[in-house]
Amino acid sequence: VLAQNNYSHDNGTPQAGGAGMSLSGVTHAQAVRNRIENNTAAGVWSTFDANDVKILNNTIRNNASGGITIGGGTVDIGLGPNNSGFEIKNNILSGNGSAGFATITVFASKNGMLERNKIESSQYDNIQIDGTQDILSTNWVILRNVCSSEPGIRDLGRSQNIVLKSNLCQTNINQQIPPADLDLNARVDIFDYNLLVSDFGKTGDLVSDINLDKKVDIFDYNILVANFGKNGS
């Protein structure tokens, strides 16, 4: 399944709900560069034994039951032991969760990556991880996300093997300038030096080594693109 470049908005009723996009019961599915807004349930929902699902580069705004929901809290909405294999990267999420849900929810699901998502103006938690006593959320990496308000990331305890690294969550984060994606049309670009150092080291394979004492440094763009991609991935 490939859902790409769609505009999904204003679906459902407050009583019945309606997700902007459901990738449930599927294998090898992708949601890429969609605009998903003002739906009465989640923006993107993936459960019922979904496997190998990628949610990439979407703009997800003002959805009542959260921006992205992985898994479900009861059997009738997808609770089960086989939701596995999720890649959720480079999404922009704003104003989600007015019905009391986190912007990104991971529930009773395993083997996933949340990376470089920008979350702002959440109505509830920014990122929440949970499960049941019998079905835990396991093996998730939460890396380099930027989010506002508090709590930024909440683990409710029914989880295992969760890695949190290099996330930035604070009040008024929408006023911050996160590390920019690579722009090969620009002679000057802005990166997060700490991330560059962690990936390359201070004497990395660059035209000019990283020098943290300087505000401006010169890199080999081809090497950066080969390692990070044009969208900072």
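Select Glu37 and Arg35: in this predicted model the two form a salt bridge, with 3.3 Å between the closest N and O atoms. Glu37 is buried at a relative accessible area of 10%, whereas Arg35 counts as partly exposed at 37%.

Arg61 counts as partly exposed, at 33% relative accessibility.

Move on to Asp125 and Arg154. The closest N and O atoms of this salt bridge are 2.5 Å apart. The pair links distant parts of the chain, 29 residues apart: Asp125 sits in the loop between strand S14 (118–120) and strand S15 (127–130), and Arg154 sits in strand S18 (residues 153–155). Which of the two partners is buried, Asp125 or Arg154? Asp125 is buried, with a relative accessible area of 1%; Arg154, at 30%, is partly exposed.

**The disulfide**

Next, select the cysteine sulfur atoms. How many disulfides does a search of the whole structure find? The search finds 1, formed by Cys147 and Cys169, with their sulfur atoms 1.8 Å apart. A disulfide is a covalent bond between the sulfur atoms of two cysteines.

The torsion is about 90°, so the disulfide is right-handed. Cys147 belongs to strand S17 (residues 146–148) and Cys169 to strand S20 (residues 168–170), so the bond connects parts that are 22 residues apart in sequence.

Switch to the cartoon view and select strands S1, S4, S7, S10, S13, S16 and S19. These 7 strands form an open sheet in that order, and the pairing is parallel. Which strands are at the edges? They are strand S1 (2–4) and strand S19 (159–165), each of which pairs on one side only. Direction ignored, neighbouring strands of the sheet are turned by 5° against each other on average.

Zoom in on strand S4 (residues 27–32) and strand S7 (residues 51–56). They pair in the parallel sense over 5 bridges. Strands of a sheet pair through backbone hydrogen bonds, either parallel or antiparallel.

**A residue in strand S12**

Select Thr105, which is found in strand S12 (residues 104–107). Is Thr105 buried or exposed? Its relative accessibility is 11%, so Thr105 counts as buried, the cut-off being under 20%.

Now show what surrounds Thr105. Leaving aside neighbours within four places in sequence, Thr105 is in contact with Ile68, Thr69, Ile70 and Gln128. Draw a distance between the C-alpha atoms of Thr105 and Ile68: the separation is 6.4 Å, although the two residues are 37 residues apart along the chain.

**The whole chain**

Finish by selecting everything. The protein chain has 2 helices and 20 strands. It contains 233 residues, of which 45% count as buried. Among contacts with a separation of 6 or more, 65% are between residues 24 or more positions apart. With the surface displayed, the protein chain exposes about 11,700 Å², and carbon and sulfur atoms supply 46% of that area.

Methods. Residues numbered from 1 in each chain as written. Predicted model: local features only at pLDDT ≥ 70, side-chain atom pairs only at ≥ 80, totals over all residues. Heavy atoms only, no water. Salt bridge = Lys/Arg side-chain N within 4 Å of Asp/Glu carboxyl O. Buried < 20%, exposed > 50% of the residue type's maximum accessible area, 1.4 Å probe, protein only. Helix = DSSP H or I, 4+ residues; strand = E, 2+ residues; numbered from the N terminus. Disulfide = S-S within 2.5 Å. Pairing = 2+ DSSP bridges. Axes fitted to C-alpha atoms, helices over the stretch in contact; angles between N-to-C directions. Contact = heavy atoms within 4.5 Å. Areas by Shrake-Rupley, 256 points an atom, 1.4 Å probe, with all protein chains shown as cover.
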